[in-house]
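Please open the model in a viewer and keep the selection panel at hand.

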Amino acid sequence: MERLFNFSAGPAALPLSVLEEAQRDLLCYPGAGCSVMEMSHRSRPYEEIIEKTEATLRRIMNIPDDYAVVFCQGGATMQFSMAAMNYARQGQKAAHAVNGVFSKKAFEEASRWCDAYKITDTKTSVPEITEDMILPGTAYLHITGNNTTSGTMYRKLPEHGNIPLIGDWTSGILGTEIDVRDYSLVYAGAQKNMGPAGVAVAIFKRGSVLPDIDPVVPSLLRYETMDKTGSMLNTPPTFAIYMCGLVYKWVEEQGGVSELQKLNEKKSQILYDVIDSSKLYKGIAEKDCRSIMNVTFTLPDEENTNAFLEMAKKRGMISLAGYRSVGGIRASIYNGMPIEGVECLAECMVDFEKGYRE
Ligand SMILES: *Cc1c(COP(=O)(O)O)cnc(C)c1O
């Protein structure tokens with residue numbers, strides 16, 4: 001079967017050349033005599049792989065030396081807890097900007113550890129955050145840079161005074177420029193825009209975590225321990241990290257994150273233009289905070305939504321159904337989605353509105 005245009009929100013489409021390179025080296029990684037999946041994480045070839053992977057990420061994201069890069073397991077969801085445990089004492093206040101499904105989950109997980117509160121609480125918008133909204137004694141401010149489910153994105157950084165700013169950039173990382181220096185911690189699950197599922201990347205300012213982390217916090221959930229051990233406190237997800245390395249190299253070949261951001265702006269604008277000139281489609285996200293990674297919209301009813309999904313599928317486009325609790329249509333157009341796929345979707349939207357049915 002042929003590869004289709006895959007609009008999945010995650011795990012999501014990877015660049016074809018990345019998959020081809022992995023395929024080429026799957027059985028035998030050059031010079032190693034075995035697959036990446038079969039080699040010791042402490043072997044020289046693997047050390048080179050993980051070092052190169054980190055170095056490439058540092059280049060494409062301009063990560064300064066006083067920031068550490070660590071590869072963690074447990075996805076972005078484990079980062080919800082890890083961030084809280086490394087940046088807040090048990091019972092301490094923590095500000096969580098809630099503006100969608102994952103930011104709410106982050107808030108709920110943090111609440112198990114500390115006294116998290118919602119500094120904002122919205123679904124389809126990204127309210128401004130000013131310093132006066134932060135309660136005294138707050139340990140950190142947590143935002144979700146790109147809201148994957150309803151398709152919103154921070155355009156302006158929140159004010160956070162002198163407390164650490166933490167950003168979950170799972171669905172925006174490498175698709176839009178992020179200056180890690182604005183944050184104490186940026187983290188992202190890989191499977192949206194960086195590689196396969198099974199690894200999360202955390203980039204944190206060395207020395208920004210609590211000096212006296214609660215002894216109950218497991219070693220694997222301590223950023224500084226992960227840094228000191230080169231993400232090898234235990235066996236890391238070796239193949240997933242290797243795949244991320246291939247994606248980072250690909251990003252660099254495309255001209256870096258700034259070029260991909262321009263392309264993602266163009267891709268998303270194609271779809272937003274169709275939505276804005278339509279009587280049938282309604283954008284879910286408010287206009288001033290629309291995401292360039294996840295474009296969401298609704299049709300008047302379920303019948304139309306299903307008919308649209310059906311027609312898109314016939315034209316070779318899959319995984320366009322909206323998030324379970326949001327509904328409608330969601331087109332995730334991360335770096336791995338070529339502009340041709342977006343044009344194909346835009347054409348399908350226009351034809352569907354004109355009354356064509358396939
Ligand atoms: C997908 C997603 C998550 C959850 O990621 P897992 O790796 O499944 O834990 C968290 N935050 C955001 C913004 C996401 O898009």
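Predicted model: local features only at pLDDT ≥ 70, side-chain atom pairs only at ≥ 80, totals over all residues.

Seven of them form an open sheet, in the order E2-E10-E9-E8-E5-E3-E4, with mixed pairing. At its edges lie E2 and strand E4 (115–121), each of which pairs on one side only. On average, neighbouring strands of this sheet are turned by 20° against each other, direction ignored.

Next, select strand E2, residues 67–72. Six of its six residues are buried. Both faces are covered: Tyr67, Val69 and Phe71 on one side are buried, as are Ala68, Val70 and Cys72 on the other.

Then move to strands E3 (residues 93–98) and E5 (residues 138–144). Their pairing is parallel, over three bridges. His96 and, in E5, His142 stand opposite each other.

## A helix across the strands

Select helix H3, residues 75–87. This helix lies across E2, E5, strand E8 (165–168), strand E9 (185–189) and E10, and runs at about 160° to E9.

## The ligand

Now centre the view on the ligand.

- Ala76: a polar backbone atom is 3.0 Å from an oxygen atom of the ligand.
- Gln191: a polar side-chain atom lies 2.8 Å from an oxygen atom of the ligand.
- Lys192: an N or O atom in the side chain is 2.5 Å from an oxygen atom of the ligand.

On its own, the ligand has 390 Å² of accessible area, of which the protein covers 86%.

## A buried asparagine in a loop

Finally, select Asn335, in the loop between strand E14 (329–332) and helix H9 (339–354). Is Asn335 buried or exposed? With a relative accessible area of 7%, Asn335 counts as buried, because the cut-off for burial is under 20%. Show its side chain: a polar atom there lies 2.7 Å from the backbone oxygen of Leu174. Leaving aside neighbours within four places in sequence, the residues in contact with Asn335 are Leu174, Gly175, Asn193, Trp250, Val251, Leu260, Asn264 and Lys267.

Definitions and conventions:
Residues numbered from 1 in each chain as written. Heavy atoms only, no water. Helix = DSSP H or I, 4+ residues; strand = E, 2+ residues; numbered from the N terminus. Buried < 20%, exposed > 50% of the residue type's maximum accessible area, 1.4 Å probe, protein only. Polar contact = N/O pair within 3.5 Å; in protein donor to acceptor, adjacent residues only side chain to side chain. Contact = heavy atoms within 4.5 Å. Pairing = 2+ DSSP bridges. Axes fitted to C-alpha atoms, helices over the stretch in contact; angles between N-to-C directions. Areas by Shrake-Rupley, 256 points an atom, 1.4 Å probe, with all protein chains shown as cover.
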